[in-house]
Amino acid sequence: GRGNDRDWEGVRGDFYLDGRLFDKSPAPASFLTSYAQERVLVPFGRDYDRTVTSNSVGLQLHNDYLPASILYRSNETQTDGLSLDRTQTVEEMRFQVSHRVYNLSQSGFSASRMRNATTYANSLPALESDSYEVAVTNQLTLGNVARPHTLDSRYRLSSETGSRQSQRSLWEERLRLVPGKALTVTAAHTLDRDETEGQRRDRQREEFSLEHRLFSSLVTRVQADLEKRQYNNGEEQTRGGALNLNYTKQLPGDSRLGLNLGRRVAMTDRDLASNELTVVAETLMVTDGRDFLEQNFIVPSTVRVFSADRLILYQEGIDFELEVVGARTELLVLDGAAIPTGTVLSVDYSYRVDPSIDYTTTTDNLNVTLNTLGNTWEMRFNYGRSRQEPDGPDPGSLYLSNTRFTLVGLDHNFDGGSAGVHYEDMRSDWQNQQSIVGNLFRRRNLFAGQLALRL
């Protein structure tokens, strides 16, 4: 077969076989085996071959009291023709069981073990890990169908050994009350303990919110929260509150106006023994534009870039490069890497902060959207501002910053395509950036297929 999407096209040949055994019995079984080889053609990049071999077998237990399933799968992916070719193997065993008590309670239990390894074509050391995870969930539902009250509970324990040492536990409780048709009350508790490669990050968060709906037009939300974070080198605590107004109005001519206005104030008390904090598994999606990591003042030598499942460690200078722009760090994907646009990455790094400081962060945002003529035209205006100010008279902060962002955009959707133009202006204490972005997409039927143009 031959397929293509937005960023690459390729020729693929594959073998695929799956089936079910004892389908009418209370314990049916299923199996799958497949082999695929692709020639991936990357526009303006390096073409390469990819071979994928997959096998799996599963068993299900059907009953009304305790339905369960068990699954084993294995997968091997091999590349040939890249700057750094890899062979990635994954084996997983997973068990799941659930239980329901009428409409009052629904519980679930799952346990899994995964072994994975990534080997490289050159002399780089292989990555190997063995991970376990156990999770328990429960939802209690009280009240009537129109106004149900729910209590959601979740506990998860995971451990990983090998190239990466990690232990994590997560406990969450979320209570949602609906005392009236227009009012919702939510209270939540989260306790997250994480120790990865000797780096401790414990987070405890309490949250309370009220949400009121006025007819179908205005939604008002008030929130208060308290979060405490503990690290190897100290701790910090943040107390915050937010007010958000969301207004929607249907206008004549099949048009709609949307308005969102919000403010958040958070007070942080930080007491650390050093001026660095560590981020583990930050999500970053590769786009057509500029891809910046979230935090400022990142230490470039500490950046490690993985695939989303943490099975592939990408190499700086072969797969990506880092560029420091003011206080921010941009990730640039190189041509010889199998990282197309849309790929989700998982990134670890350390960044510099003021070690001992009390400060207040005030964030304001205003978003206005006008859709006209049945969503064929959309006009947008976004404005955001964030200010970080020390609470005391000491002005000696090195890493607090003020940021302002403005966006004005116009988009048009028509039969077979879309077009738009956006103006963006971002200003901070460390960087000013203005840009105008225009885009055009057109798709037309051509003989037995389609012609697509994207500018």
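Two rings of Phe, Tyr or Trp (its six-membered ring) form a pair if their centres lie within 6.5 Å; planes under 30 degrees apart count as stacked, over 60 as edge-to-face and the rest as tilted. By this rule there are two aromatic pairs. In one of them, Phe-297 and Tyr-399 have ring centres 4.8 Å apart and planes at 70°, so the pair is edge-to-face. The two residues are 102 residues apart in the chain: Phe-297 lies in the loop between β16 (276–285) and β17 (304–307), and Tyr-399 in the loop between β23 (377–390) and β24 (402–414). Strands here are DSSP runs of E with at least two residues, numbered from the N terminus.

The model is predicted: local features need pLDDT of at least 70 and side-chain atom pairs pLDDT 80 or more, while totals for chains, interfaces and linings use all residues. Residues are numbered from 1 along each chain as its sequence is written, and side-chain values use heavy atoms, without hydrogens and water.

Other rings carry a charge over the face (NZ of Lys or CZ of Arg within 6 Å of the ring centre and within 35 degrees of the ring normal). Arg-310 sits over Phe-306, 4.0 Å from the ring centre, and Arg-328 sits over Phe-292 at 4.3 Å.

β16 also belongs to an open sheet of four strands, in the order β16-β21-β17-β18 with antiparallel pairing. Two strands pair if DSSP finds at least two bridges between them. β16 and β18 (313–314) are the edge strands, each pairing on one side only. Eight antiparallel bridges join β16 to β21 (residues 344–352), and Met-285 stands opposite Val-344 in β21.
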